[in-house]
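Hi,

Here is the structure I promised to pass on. Have a look at it first, and then read my notes below.

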Amino acid sequence: MQIVSQILFVAALGLAAYFISRRVMLIKNTIQLGRAEDRSDNPSERLRTMLLIAFGQKKMFTRPLVGFMHFIIYAGFIIINIEVLEIMIDGIFGTHRIFASPLGGLYNFLINFFEILAFGVLAVCVVFLTRRNLTKVERLQDTRHRELKGWATKDANIILITEILLMWAFLSMNAVDTILQERAVGHYAEAITGDFWISQFLKPFFMSFSDGALVAYERAAWWFHILGIMAFATYVTYSKHLHIFLAFPNTYFSNLNPKGEMANMPTVTKEVKIMLGLEEPDANPAEVGRFGAKDVKDLSWKNLMDAYSCTECGRCTSSCPANMTGKQLSPRKIMMDTRDRLEDIQKGWLATDQKAPIAEFEDGKSLLGDYISEEELLACTTCNACVQECPINISPLDIILQLRRYKVMEESQAPASWNGMFSNLENNMAPWKFSPSDRFNWVDGVK
């Protein structure tokens, strides 16, 4: 019977690894649909940014209480999963608490520490569920933010409930295990650990169980915990919680320039330099590509990684002055729409025979128009509040600017007030409609 359990465990592990690796490769290929962009400069500064923002959760603590609760979940996710190593070894080789004997007292200390974190994760997940569904924090409500309607809200609740169940399975498994040790039932008597700090308070709930019922519960909780983690890891690749993994590369490849600095288009910069005599024209000039961006393939790979890294926390939208005043713009929606567009390309490509690479797939849609409206783009004031607030350095503004450049430079569609300003800049070198020679006439009235 034990060998059957081991075979089933290895099969489940292999199946999870297959689906996760397949999904990871698909996401990688989808991100590579974006334009090439060099983000390899200043590796020491990039490493420092990643350690502070992703590993150290620096920007989360701009809202201290929420930041602290998020840190508990984050630390619990990282540290508790060390315990998964023992479960995997036990599952593959048919052992039980294989590290208990060689580690001795250190083993008990580690499990006690894991239990404290597990209890913290469970408690914080309950608080977060309450914030979303009972106290109704404004930035997390689909009645106020249309991008959260449907799956986005369900996804957040599914993750929180799953984490609660996984932590309960871990704690109750430990409680039942120690009861079986005390009763010297089978192989449980071989690894004597004694009570653990948190699970000992759950023991009274199981003391009336028979030995057989306790063994059945312990095995069920063990299987639920490890299979739940495998399922969770697979599900995360389809969820906004992919940021658990992508936050690290995303912050490493952050834009290190000052936030107010907007990147010029290289082709336009080159033409201006040629006009000013600062650069010679190419003997065989390359064909000028598209100005700005119409679809995800016109964005950079970093923009697409931003979309997959978005946590949907809404800090960007809650700080956006345009959104505050009732405009259609929501920086969170910009990122979610970009990811939705990437996912639709994936689904469409997977529905074909897949002989052609995903980069060649066309479905007649585009990010601009089919997902993001002109009204949203024109509402942006380029204040950088969204970029400043994002906990993992995502830049919705960069995508907005590129889509807006396409509307203006490729389709010549700009508000009349903008066209007037453009004409004044071209003719008068200022946004105002008067000659540069008259610029200081106002001084005469001061004399």
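Let's start with a helix pair: H6 (residues 105-133) and H7 (residues 151-182) pack at about 150°, and their axes are 9 Å apart. That angle makes H6 roughly antiparallel to H7. H6 crosses H7 in a left-handed way, and by class their contact has 18 nonpolar, 3 polar and 3 charged residues.

Some background before I go on. This is a predicted model, where local features need pLDDT of at least 70 and side-chain atom pairs count only at pLDDT 80 or more, while totals for chains, interfaces and linings use all residues. Residues are numbered from 1 along each chain as its sequence is written, and side-chain values use heavy atoms, with hydrogens and water left out.

- Helices (H or I, at least four residues) and strands (E, at least two) are DSSP runs, numbered from the N terminus.
- Axes are lines fitted to C-alpha atoms, for helices over the stretch in contact, and angles run from 0 to 180 degrees between N-to-C directions.
- Angles under 35 degrees are roughly parallel, over 145 roughly antiparallel, 65 to 115 roughly perpendicular, and the rest oblique.
- A crossing is left-handed if the near helix is turned anticlockwise from the far one by less than a right angle, and right-handed if clockwise.
- Ala, Val, Leu, Ile, Met, Phe, Trp, Tyr, Cys and Pro count as nonpolar, Asp, Glu, Lys and Arg as charged, and the others, Gly among them, as polar.

Next pair: H4 (residues 82-93) packs with H8 (residues 211-236) at about 115°, axes 11 Å apart, so H4 is roughly perpendicular to H8. This crossing is left-handed. From H4, residues including Ile87 and Met88 meet Trp222, His225, Ile226 and Ile229 of H8 (contact means heavy atoms within 4.5 Å). By class, that contact has 6 nonpolar, 2 polar and 2 charged residues.

Phe224 also sits in H8. Beyond its neighbours within four places in sequence, Phe224 touches Leu165, Leu166 and Ala169. Phe224 and Leu166 are 58 residues apart in sequence but 7.6 Å apart in space, C-alpha to C-alpha. Phe224 is partly exposed, at 38% relative accessibility (buried is under 20% relative accessible area, exposed over 50%, partly exposed in between, with a 1.4 Å probe and protein chains only).

And the cysteines? The whole structure has 0 disulfides (pairs of cysteine sulfur atoms within 2.5 Å). For Cys125, the nearest cysteine sulfur is that of Cys313, 16 Å away. Cys125 is buried at 0%.

Cheers
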